[in-house]
Amino acid sequence: MPQSDRESSVENVPMLIPGVLRRTLAKLVSSAHLVLSGTTASILVIIFLGSLFVFVALRNHHRDEIRARTVQLTRLSSLIESDISELENYHRGFLLTHRSQYFGLFQERRSAMKKRLEELNVRLLDNPIQRKRVIKAQDIVLRWADQVAQPAFLGQSSLNMASDISFALKLSNASLDQARWILQSLKDEEQILLSQRVGEQEMATQSTQILDSLPKLERAVIEMNKEKRGFLLTNDNGFLETYHRSVENFYRYHAYLTILAGDAPRRTQLLNDIRSNLERWLSSCALPEINSKQQGRDINAIIDNDQGEQLINKIQRAIAEFQRNELASYDAGSIAAVRHRIWSTIGLLTLVLVVALLISSNTYSLALVRRNLSKLGAAEIRMRAIIENILDGMIIIDRAGTITLMNPAAEKLFGCSKHEMLNQAFLTLVPQAYNTEADLQLVDWGEFTKRTGTTVLAVGRTRKYVTFPIEISLAKMTVDQCTLYVAMIRDVTERKRFEREIAAERENLAVTLRSIGDGVITTDVQGKIIMINQAAETLTGWTAEEAKGQPLKSVFKISIDLAAQTRAQRSTYRNEAYSLLLKLPSNATLVSRDGTEHLIEQVVSPIRDRRNEVAGVVLVFRDIIEREHKQLGLLAGGIAHDFNNLLTAIMGNISLASLLIPATDEMTTRLADAKNASMRARDLAQQLLTFARGGAPIKKTTSLTRLVQDTVSFCLRGSQSRSECDLEDKLWPTEIDPGQISQVIANLVVNAEQAMPTGGTLHVTCENFRQGSAEKATVQDLPPGEFVMITIRDEGVGISEQNLKRIFDPYFTTKPKGNGLGLATAYSIVKHHKGLITVESEVNKGSAFTIYLPAAAHVAIPEETRFADAKELSGTGRVLIVDDEEAIRTLVEFTLTHLGYEVCSAASALEGIELYRQRLEAGERFDCVILDLTLPGGMGGRDALKLLLESDPSVNAIVSSGYAMDATMSHYQDFGFRGVITKPYEAAELGHTVREVIESGRIKVVPDLDLRAVG
């Protein structure tokens, strides 16, 4: 542009424009900025047009979303209304015909309705008010289904009379009408919202109106059938009026749909089929049934016809097909429209972006580079400051385990500089680490990298080879496609010291608390009791509250010899405290409050005040008998436990060999003899466990007939006495531990045989016995119920009256070489079986012991499972055996492997838990775990199962032990076990138990729905 033209253009600017604006315009139209100004204006126009187009596209898309949402919500609401009506229909159909098929249809429709309600709730997440109302409607319908419909189907409803049924149906209509009103209001609100945002012309699309009318048409059909059944049930004209309105609604909706679908022959044909089928139903089913009901005739013959139900189902299927076709057509049109708008928007946006990028790419790239460089510099400075100032040591190691970087804290921690350790092996600083079992071992870098993301305790080593405990957290990162590891290291020397001190203090406290197992009583100077501990309460029979303030002589009653009493009477003391210090013997017999005697040892010490005067005494005493009994019991239990472990290996290998060799082999007889000898040894171990006291019986349903006969004949074998057994034919079964009850009978038989040194007849009777209520009881101390009574009567020397009260006391015996444990053990076993043992005796005439064991009269005796060979025991699956005995692990692994299982073993609980978790994470879950109840390391099978259940709640575990001191063996299911196997066991018993537990774990439990009330 010539200079004169530019000056004239500037001069034509109105003088009203301020000077700054005039100068800006002059600058923009100058040659230096004219191109830039034109380009900027063009870009602004393009941006404006593109924005306008995007706005229109977004608005249309938003309208489509609103329309689609309204269609979906309206359709779901209509379908749910139809579901509610259909549920009422099935309910009334069942009440009318009592056909069981309606219950299945009711359950299927209810499940479909719940899914639609859940979908509706999901779509209403952005509208909490509507969602709350839908949840209310859902609660109303489900409450009606659970409290009204479900009891009727299951025969639990008390509605018998027609009036009761009419009232229930009206009440159901009232509650369900509220749910329908909520759903209808939801549809109305969505239609109003769509009308406000989109406009009526957008709503008035053919597909939308058809989709809105089809559920109403289907609901009219359901309502007709439902109200017809309501009238047949109650003869209430209100249901008949609703039925006629439903017929009118059907024809109204059908006519409306016929107009909308007039341009589609397929739609018109479907609508005509629906109408013709409905009219057939009206003429052949509904009207005859209604007329019969109005005329008072029996309608059972008419309603038993399935033609009406088939026509209704056919109509509903036709409506559903119509709806599917229309919904598919609607979705296809919506998708096509959306796709067209998306491509148009993308094309215009692409054009705008290309133009914008061409203009601003250079400037933006330069600014971006400068900004990124600035950020990188600042980030590097911050990162370096953090690394150099953190208190924990940080070392960066490459893939090969070589140190590439150390921060100052790490240099100080290991006493070296980063320049000295660069390119050195990381293992020179951390030579050892603790593994998962807290054992120290040398570090292998390859294995160590597998602990990435965890914290590891290790041993650090300085340049001067001084070691100290450290804690390492290893993290993995990738920089420039190179793998690096970041080790955060912390010195935990002080923490370890504190932990040791706390552990020692806790141990001291625990030892102190455990040591107070003796009875302790403190008195004042007058002999009045100040304090009494729990052990003293148990021995004296006095509670702490009752004993406080009482004289010591009243609570602590001991019997001493006559000489000590004479010395105490002749001596005079300044106070009662000095008397206690000087006259109490070290051993005495303590008589408790209830008359029980305890042989005790006691120690009396003075309590002195600041002036060294005696202010009272502290009396410490313990029950010698209880202590000795516990020690012997623990010794016997431990011996039996170890003995059973050895027998497990012996019997298991014998039984395994019996399974593997042919039955005709001559070694079978030898193996059977060895097995019988092992069984005798197992019975001996069982006696030791019972003597240990506290072992809960492992009960099973058993008949006492064979057990009593075998035990009596075995005990009298080779003696001068003979037996006469009178056993009732139909003897009730009992829930007992056969081994323990056999031991009781054996003890009584041996005592009876010894009471007849010159021989005699032992009379044994078994019969059923019923104990009446407290008023009609015939046996004292026996609760009411059904029992099996075993009586063992001898013709021996009898028992004197003074000894008769003490025969069940431990260590009481009248035999020169007796130990006093036979009858005490028998009493303990019967007591653990919730039974009773009594005795009647007369000197020189004999004794009769009677045992009452609770009967299981209505329980069938399980048949003993016999296995001919290994094929019947074989199975598949992964089995983990956790036992501290290597011989047992080897036996179980060999046996189960031969039977087809994949077996792994572990010697401790921690090893077994870690192995189970590893295989579980690898997708190779163990199908069965056999846990020994007592394991080394402090953690037994029960505690190990708790940790396994945390990792896998469905773990199948079997508890195994030869030590019955723990109730886990008898109540294993209460502790989470699926099976139990008592040591020693045979190979067949092991295979059967493992197979049974694995198969039971694979069964999918389905809720048991009792349909006996239906039909």
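Buried residues account for 40% of the 1015 residues in the chain. The model is a predicted one, and the chain holds 31 helices and 25 strands. Among contacts between residues at least 6 apart in sequence, 67% join residues at least 24 apart.

**Exercise 1**

Determine whether Ala179 is buried or exposed, and list what Ala179 touches beyond its sequence neighbours.

Solution. 
1. Apply the cut-off: a residue counts as buried under 20% relative accessible area. Ala179 has a relative accessible area of 0%, so Ala179 is buried.
2. List the contacts: leaving out residues up to four places away in sequence, Ala179 touches Ile84, Ala137, Ile140 and Val141.
3. Take one of these partners, Val141. Val141 and Ala179 are 38 residues apart in sequence, and their C-alpha atoms are 7.0 Å apart in space.

**Exercise 2**

Describe how helices H28 and H31 cross, and classify the residues at their contact.

Solution. 
1. Classify the angle: values of 65 to 115 degrees count as roughly perpendicular. H28 and H31 are therefore roughly perpendicular to each other.
2. Identify the residues: H28 contributes Val892, Thr895 and Leu896, which meet Ala987, Leu990 and Val994 of H31.
3. Sort them by class: the contact of H28 with H31 has five nonpolar residues, one polar residue and no charged residues.

**Exercise 3**

Solution. 
1. Find the residues: the largest nonpolar core has 35 residues, of which Met224, Tyr243, Phe250, Trp281 and Leu282 touch the most other members.
2. Assign the helices: at least two core residues come from each of H3 (34–97), H8 (206–234), H9 (237–260), H10 (265–294) and H12 (307–389).
3. Examine Phe250: not counting residues up to four places away in sequence, Phe250 touches Leu217, Ala220, Val221, Met224, Ile274, Arg275 and Leu278.
4. Look beyond this core: another core, of 33 residues, lies apart from it, with Leu707, Leu716, Ile807 and Phe808 among its members.

Methods:
Residues are numbered from 1 along each chain as its sequence is written. This is a predicted model: local features need pLDDT of at least 70, side-chain atom pairs count only at pLDDT 80 or more; totals for chains, interfaces and linings use all residues. Side-chain values use heavy atoms; hydrogens and water are left out. Buried means under 20% relative accessible area, exposed over 50%, partly exposed in between (1.4 Å probe, protein chains only). Contact means heavy atoms within 4.5 Å. Axes are lines fitted to C-alpha atoms, for helices over the stretch in contact, and angles run from 0 to 180 degrees between N-to-C directions. Helices (H or I, at least four residues) and strands (E, at least two) are DSSP runs, numbered from the N terminus. Angles under 35 degrees count as roughly parallel, over 145 as roughly antiparallel, 65 to 115 as roughly perpendicular and the rest as oblique. Ala, Val, Leu, Ile, Met, Phe, Trp, Tyr, Cys and Pro count as nonpolar, Asp, Glu, Lys and Arg as charged, and the others, Gly among them, as polar. A nonpolar core is a set of buried Ala, Val, Leu, Ile, Met, Phe, Trp, Tyr and Cys residues joined through side-chain atoms within 4.5 Å.
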